[in-house]
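Have the viewer open while you read.

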Amino acid sequence: MTNDSESGDGPGEGNGESTFTVIVAAAANLGIAVAKAVAGIVSGSSAMLSEAAHSVADTVTEVMLLTALKRSAKPADDDHPVGYAGERYVWALLAAVATFVGGAVFSVYDGIHTLVHGEELGDPLISYIVLAVSFLLEGFSLRTGIRQVKAEAERMKAPFGTYLRHTPDTTVKAVVMEDSAALAGLMLAAGGLLGVQITGSDVWDGVASILIGALLVYVAWVLGRSNAELLIGRPLPRPMRDAVRDELLSVPHVVAVLDLTTLIQGPDEVLVAAKVDFRDVASAEQVEWACEHAETLLRARFPAIRHVYLDPTPARP
């Protein structure tokens with residue numbers, strides 16, 4: 001016997017805030033990328049060129065995240081009976097790869113090239129101006145992402161750091177991590193330029209570029225791993241699984257929950273399937289009522305649960 005929620009609260013309903021957060025980040029990074037590229041060419045700084053590559057990679061990433069939000073919001077159809085929510089993680093995984101290839105590889109290569117062959121720096125003033133403006137824009141974008149994560153964490157009654165690590169909304173997680181990495185990268189680039197000015201050695205600029213690349217490798221790895229876990233199939237956290245089991249056991253005529261499977265399909269879409277032992281004397285009508293009542297209880301406590309499948313199964317001796 002199966003229950004499948006047909007509520008109008010579709011998975012795309014929560015995409016609006018995430019879309020705004022990603023658009024703010026994309027707009028900021030596009031302008032910053034152009035400014036950094038011009039400053040890097042004028043000053044000859046490899047760290048600035050690495051930061052330009054960083055911003056280009058972030059812009060491409062956010063375009064992919066917008067694609068993920070749009071495509072994952074499509075309603076279920078005959079070919080995809082549980083919807084397209086999982087497509088969000090495909091595009092988010094590609095975005096993580098773009099961060100690695102477009103930003104990290106170029107930054108490390110440019111830093112090594114500077115260390116081996118050296119560079120001639122021009123006037124760094126324009127670089128400092130661009131770095132300062134970029135810091136303000138990246139800070140505004142990061143503030144938007146953090147506000148959304150804080151609101152979601154408070155709604156889930158979870159600490160900010162814990163929610164950010166485990167949230168299934170990897171688009172917002174990507175914006176927060178990339179903007180945080182961008183601010184750190186800006187400080188590294190500024191440190192590299194300042195080191196060159198103080199010591200006269202371009203080694204500082206090359207090292208800053210390599211460190212920016214290493215930072216991007218870390219961000220790409222964390223985001224790639226998060227999306228891969230969700231693509232493979234990640235269950236609800238154990239406390240929530242225990243709560244789902246307790247709700248099922250509270251339903252009249254339910255004797256035991258023999259097997260429970262939960263699957264996160266999207267930020268606001270969870271599937272629950274369970275083998276349930278009903279009272280032997282329960283009628284077919286009572287079993288059907290119990291299934292409907294179980295779904296009502298689960299959706300009231302966990303609005304993200306969209307699909308509930310219960311299989312009446314006798315307990316083995």
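This is a predicted model: local features need pLDDT of at least 70, side-chain atom pairs count only at pLDDT 80 or more; totals for chains, interfaces and linings use all residues.

## Overall layout

Starting at the N terminus, the elements of the protein go β-α-α-α-α-α-α-α-α-β-β-α-β. That gives nine helices and four strands, where helices (H or I, at least four residues) and strands (E, at least two) are DSSP runs, numbered from the N terminus. The radius of gyration, taken over C-alpha atoms, is 25 Å, well over the 20 Å that the globule rule gives for 317 residues, so the protein is more spread out than a compact globule. The globule rule here is 2.2 Å times the number of residues to the power 0.38. Along the principal axes, the C-alpha trace spans about 85 × 35 × 35 Å.

Residues are numbered from 1 along each chain as its sequence is written, and side-chain values use heavy atoms, with hydrogens and water left out.

As for pLDDT (the predictor's confidence in each residue, from 0 to 100), the protein's mean is 82, and 93% of its residues reach 70 or more.

## Helix 2 on helix 7

Helix 2 (residues 46–72) packs on helix 7 (residues 203–232) at about 20°, with the axes 7 Å apart. Axes are lines fitted to C-alpha atoms, for helices over the stretch in contact, and angles run from 0 to 180 degrees between N-to-C directions. The pair is therefore roughly parallel (angles under 35 degrees; over 145 is roughly antiparallel, 65 to 115 roughly perpendicular and the rest oblique).

On the helix 2 side, the contact is made by Ser46, Ala47, Ser50, Glu51 and His54, and helix 7 brings Asp205, Gly206, Ala208, Ser209, Ile212 and Leu216. These divide into four nonpolar, five polar and two charged residues. Ala, Val, Leu, Ile, Met, Phe, Trp, Tyr, Cys and Pro count as nonpolar, Asp, Glu, Lys and Arg as charged, and the others, Gly among them, as polar.

## Helix 6 and its partners

The axes of helix 6 (residues 170–199) and helix 7 come within 8 Å and cross at roughly 170°, which makes helix 6 roughly antiparallel to helix 7. Their contact holds 18 nonpolar, seven polar and three charged residues.

Helix 4 (residues 125–156) packs on helix 6 at about 160°, with axes 9 Å apart, so these two are roughly antiparallel. Their contact has 17 nonpolar, eight polar and two charged residues.

Terms used. Contact means heavy atoms within 4.5 Å.
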